[in-house]
Amino acid sequence: MTTIKQGIKSSNLKQEVRQIRETAQKAAVSKESARRFLVSTGVYTAAGQLKPAFR
């Protein structure tokens, strides 16, 4: 119910959920695509190692 309190419309929420699912499917295609996604989010370094903040 937090989304209702914040005034987020359900259509926007549904669209965001759809985009998250699509991104997750693209990232899950292969190990390399998952690694690229994690590097782009800042969880992994450019060398493909987990950053210290997430250990």
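Which pattern does the chain follow, read along the sequence? The pattern is α-α-α, in a model that is predicted.

**Figure 1. Overview of the chain and its helices.** The predicted model contains three helices and zero strands. Of the 55 residues in the chain, 7% are buried. The accessible surface amounts to about 4,900 Å², and carbon and sulfur atoms account for 55% of that surface.

**Figure 2. Packing of helix α2 against helix α3.** Two packed helices are described by the angle between their axes and the distance between the axes. Here helix α2 spans residues 10-27, and helix α3 spans residues 31-41. The angle between α2 and α3 is about 130°, and their axes lie 7 Å apart. At this angle, α2 is oblique to α3.

**Figure 3. Residues at the contact of α2 with α3.** From α2, the residues Thr23, Lys26 and Ala27 take part. They meet Ser33, Ala34 and Phe37 of α3. Sorted by class, this contact of α2 with α3 has three nonpolar residues, two polar residues and one charged residue.

Figure 4. Is Ser33 buried or exposed? Ser33 has a relative accessibility of 10% and counts as buried, because the cut-off for buried is under 20%. With its neighbours within four places in sequence left aside, Ser33 is in contact with Lys26, Ala27 and Ala28. Lys26 and Ala27 are also among the α2 residues that meet α3.

**Figure 5. Salt bridge between Glu32 and Arg35.** How many salt bridges does the structure hold? The structure holds one, and the side chains that meet in it are those of Glu32 and Arg35. The distance from N to O is 3.4 Å. Side chains of opposite charge can pair when their charged atoms come close. Glu32 and Arg35 both belong to helix α3, three residues apart, so about one helical turn separates them. Glu32 is partly exposed, at a relative accessible area of 42%. Arg35 is likewise partly exposed, with a relative accessibility of 35%. Both residues fall in this class because partly exposed covers the range between the buried limit of 20% and the exposed limit of 50%.

Note on methods: Residues are numbered from 1 along each chain as its sequence is written. This is a predicted model: local features need pLDDT of at least 70, side-chain atom pairs count only at pLDDT 80 or more; totals for chains, interfaces and linings use all residues. Side-chain values use heavy atoms; hydrogens and water are left out. Helices (H or I, at least four residues) and strands (E, at least two) are DSSP runs, numbered from the N terminus. Buried means under 20% relative accessible area, exposed over 50%, partly exposed in between (1.4 Å probe, protein chains only). Accessible areas come from the Shrake-Rupley method with a 1.4 Å probe; for residues, only the protein chains shown count as cover. A salt bridge is a side-chain nitrogen of Lys or Arg within 4 Å of a carboxyl oxygen of Asp or Glu. Axes are lines fitted to C-alpha atoms, for helices over the stretch in contact, and angles run from 0 to 180 degrees between N-to-C directions. Angles under 35 degrees count as roughly parallel, over 145 as roughly antiparallel, 65 to 115 as roughly perpendicular and the rest as oblique. Contact means heavy atoms within 4.5 Å. Ala, Val, Leu, Ile, Met, Phe, Trp, Tyr, Cys and Pro count as nonpolar, Asp, Glu, Lys and Arg as charged, and the others, Gly among them, as polar.
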